[in-house]
Amino acid sequence: MTWENHSVWMELVFLAYPNCPDLRTLCFIGVSLAYALIISGNVLIVVSIQTEARLHTPMYYFLGSLSGIELCYTAVVVPHILANTLQSEKTITLLSCATQMVFFIGLGSADCFLLASMAYDRYVAICYPLQYPLIMTISFCVRLVVASVVIGLFLSLQLVVFIFCLPFCQDREIEHFFCDVPPVMHLVCAKSHIHELSVLVAATLAIALPFFFIATTYALIVTAVLKLHSAAGRHRAFSTCSSHLTVVLLQYGCCAFMYLRPNSSYHPKQDQFISLVYTLGTPFLNPLIYTLRNGEMKEAIGKILTRNYLSEKRIR
């Protein structure tokens with residue numbers, strides 16, 4: 001099933017969706033509700049950061065960018081999942097599958113690089129507070145966000161081109177909800193350690209390297225914070241990092257499980273559940289984690305909601 005010998009309009013079939021009509025309806029309602037909460041939560045964060053002048057700082061700029069990327073990240077696969085849930089034929093063309101993988105893996109990788117940038121922001125703020133305004137300028141933050149997206153999409157494009165140039169078996173059935181690396185690689189006929197190694201190298205660049213950077217950064221942050229004599233200062237420093245660290249552990253835990261392992265350990269049912277966690281769970285939990293642990297964000301979102309409520313009242 002290489003590009004040279006097969007049509008890009010060849011269709012692949014998804015097998016992970018339930019066949020029972022009642023169960024399909026229930027799944028559709030559940031995914032729709034989760035997606036609505038993801039959109040509303042992340043949009044609220046982006047709007048709050050843009051409208052509140054006191055949130056125009058590097059930390060909140062990164063948070064707004066993270067929410068924006070996650071809106072795009074979920075939009076790549078969730079509408080497709082919703083459509084397939086109700087359709088009798090759950091198919092996708094080879095070209096559409098490759099396109100979906102490029103953006104899904106690319107934006108997911110951009111998430112990882114952006115979390116590393118946010119760790120660097122916290123490191124500079126805590127370890128070099130006097131130089132912070134000079135180092136973390138808005139232009140530098142913009143360059144970090146753009147670099148995260150560009151590098152993520154570039155690595156994803158390289159990986160997807162490599163995968164879809166491999167010889168595929170005649171089996172066109174994907175035991176998954178969408179086109180992801182492990183289930184698509186399971187269709188490859190050429191069982192070679194070189195192929196698995198290539199995927200692991202790409203996953204290492206996109207996942208392991210940013211994670212090691214974050215781990216190193218936090219080790220330096222902890223060392224610096226423990227040197228503070230004030231207990232209140234230590235608490236304040238740790239509280240600014242706790243939300244980010246929680247998101248990092250959630251994001252990287254799922255990604256490492258899915259991509260930093262050999263193809264032989266692929267288990268369809270288990271992978272389907274984990275994929276739903278990082279496709280729906282993580283983008284849903286991130287806004288909650290950042291707002292519930294951040295007084296400024298809660299206050300800004302409260303103002304937005306109150307303002308909209310009062311505007312609707314006046315109109316009525």
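1. S275 sits in helix 9, residues 268-292. Leaving aside neighbours within four places in sequence, S275 touches H176, F177 and F178, where contact means heavy atoms within 4.5 Å.

2. A word on what you are looking at. This is a predicted model, in which local features need pLDDT of at least 70 and side-chain atom pairs count only at pLDDT 80 or more, while totals for chains, interfaces and linings use all residues. Residues are numbered from 1 along each chain as its sequence is written, and side-chain values use heavy atoms, with hydrogens and water left out.

3. Now the overall plan. The protein has ten helices and three strands; these are DSSP runs numbered from the N terminus, with helices being H or I of at least four residues and strands being E of at least two. Along the sequence the order is β-α-α-β-α-α-α-β-α-α-α-α-α. Of the 316 residues, 46% are buried. Among contacts with a separation of 6 or more, 80% link residues 24 or more positions apart.

4. Helix 3 covers residues 94-127, which is 34 residues, and spans 49 Å from its first C-alpha to its last, close to the expected 50 Å. That expected span is 1.5 Å times one less than the number of residues. Is helix 3 largely enclosed or largely open? Because 27 of its 34 residues are buried, helix 3 is largely enclosed by the rest of the structure.

5. Which cysteines are joined by a disulfide? The pair is C97 and C179, with an S to S distance of 2.0 Å; the rule asks for cysteine sulfur atoms within 2.5 Å. C97 belongs to helix 3 and C179 to the loop between strand 3 (173-174) and helix 6 (181-185), so the link ties together parts that are 82 residues apart in sequence. The angle about the S-S bond is -120°, and the link is left-handed. C97 is buried, at 0% relative accessibility, and C179 is likewise buried at 0%.

6. C20 is partly exposed, with a relative accessible area of 40%. C165 is partly exposed too, at 42%.

7. D121 pairs with R122, their closest N and O atoms being 3.0 Å apart; the cut-off is a side-chain nitrogen of Lys or Arg within 4 Å of a carboxyl oxygen of Asp or Glu. Both D121 and R122 are buried.

8. Finally, the surface. The protein exposes about 15500 Å², and carbon and sulfur atoms supply 69% of that; accessible areas come from the Shrake-Rupley method with a 1.4 Å probe, and for residues only the protein chains shown count as cover. I138, V142, V146 and V150 make up a nonpolar surface patch with about 310 Å² of accessible area together. Patch residues have over 30% relative accessible area and no salt bridge; nonpolar side chains (Val, Leu, Ile, Met, Phe, Trp, Tyr) are joined within 5 Å, and like charges within 9 Å. V146 is found in helix 5, residues 138-164, and is partly exposed at 46%.

Technical notes. Buried < 20%, exposed > 50% of the residue type's maximum accessible area, 1.4 Å probe, protein only.
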